[in-house]
Amino acid sequence: QHQEDAERALERAIEELRAREEELAAQQRREMLLQIQQALKEMLAEQEGHTRETEALGRILLDGGEFGRAEEVRKAAVVAGEEGLVLHAERIAARLEEEEGAPVYAGILRGVRDDLQFVRERVAGHDDMGPSVQRLQHRVERRLRQLIEAFERETERRQQGGGGGGG
């Protein structure tokens with residue numbers, strides 16, 4: 001009888017431990033989602049700045065002007081900023097690949113990365129800051145907003161007790 005009681009107590013303890021492990025894992029996933037959501041918001045804010053700068057520089061070229069030293073420095077800052085966002089997008093996408101149910105988000109973010117890379121190349125190599133590049137920058141912003149909204153919904157769903165992944 002004592003052995004059966006001890007075995008039942010051990011089984012209950014194991015079940016409680018598993019439940020705590022699952023809750024901890026769920027909490028870690030929620031925290032990761034919040035971190036990624038914040039990183040995407042920072043990326044969006046940075047991209048909006050690059051887009052504004054590209055539009056301003058594009059107006060100079062559209063009006064027939066040429067770049068002086070100040071404009072070249074501004075252009076170089078846009079190029080460097082877009083390259084930084086390319087790297088940041090790839091790091092986040094790699095994290096998402098590891099998250100259960102999130103590879104779709106990773107794929108979308110890799111599309112954003114590719115668009116950013118194309119923008120960087122056009123601005124750096126061709127002094128292209130015209131409407132097509134600006135449209136692409138706006139598309140990047142739109143996709144980042146969509147990802148942020150999706151992560152907000154997923155975070156809310158998980159806080160309401162839902163598990164699993166999204167995407």
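**View 1. Surroundings of Gln47 in the predicted model**. Leaving aside neighbours within four places in sequence, Gln47 is in contact with Glu82, Leu85, Leu116, Gln137, Val140 and Glu141. Gln47 itself belongs to helix H1, which comprises residues 2–62. Because its relative accessibility is 0%, and the limit for a buried residue is under 20%, Gln47 is classed as buried.

**View 2. Helix H1 and the residue Gly64 that follows it**. The 61 residues of H1 should span 90 Å at 1.5 Å a residue, and the end C-alpha atoms lie 88 Å apart, which agrees with that expectation. After H1 comes Gly64, with a positive phi near 85°.

**View 3. Crossing of H1 with helix H4**. The axes of H1 and H4 (residues 131–159) come within 9 Å and cross at roughly 160°. The two helices are therefore roughly antiparallel, and H1 passes H4 in a left-handed crossing. Sorted by class, this contact of H1 with H4 contains twelve nonpolar, eleven polar and ten charged residues.

**View 4. Contact of helix H3 with H4**. The axes of H3 (residues 103–126) and H4 come within 10 Å, with a crossing angle of roughly 155°. This makes H3 roughly antiparallel to H4; the crossing is left-handed. From H3, the residues in the contact include Tyr105, Ile108, Leu109, Leu116, Phe118 and Val123; among those they meet in H4 are Val133, Leu136, Gln137, Val140, Leu147 and Phe151. The contact of H3 with H4 has 15 nonpolar, two polar and five charged residues.

Methods. Residues numbered from 1 in each chain as written. Predicted model: local features only at pLDDT ≥ 70, side-chain atom pairs only at ≥ 80, totals over all residues. Heavy atoms only, no water. Helix = DSSP H or I, 4+ residues; strand = E, 2+ residues; numbered from the N terminus. Buried < 20%, exposed > 50% of the residue type's maximum accessible area, 1.4 Å probe, protein only. Contact = heavy atoms within 4.5 Å. Axes fitted to C-alpha atoms, helices over the stretch in contact; angles between N-to-C directions. Parallel < 35°, antiparallel > 145°, perpendicular 65-115°, else oblique. Left-handed = near helix turned anticlockwise from the far one by under 90°. Nonpolar A, V, L, I, M, F, W, Y, C, P; charged D, E, K, R; others polar. Expected span 1.5 Å × (residues − 1).
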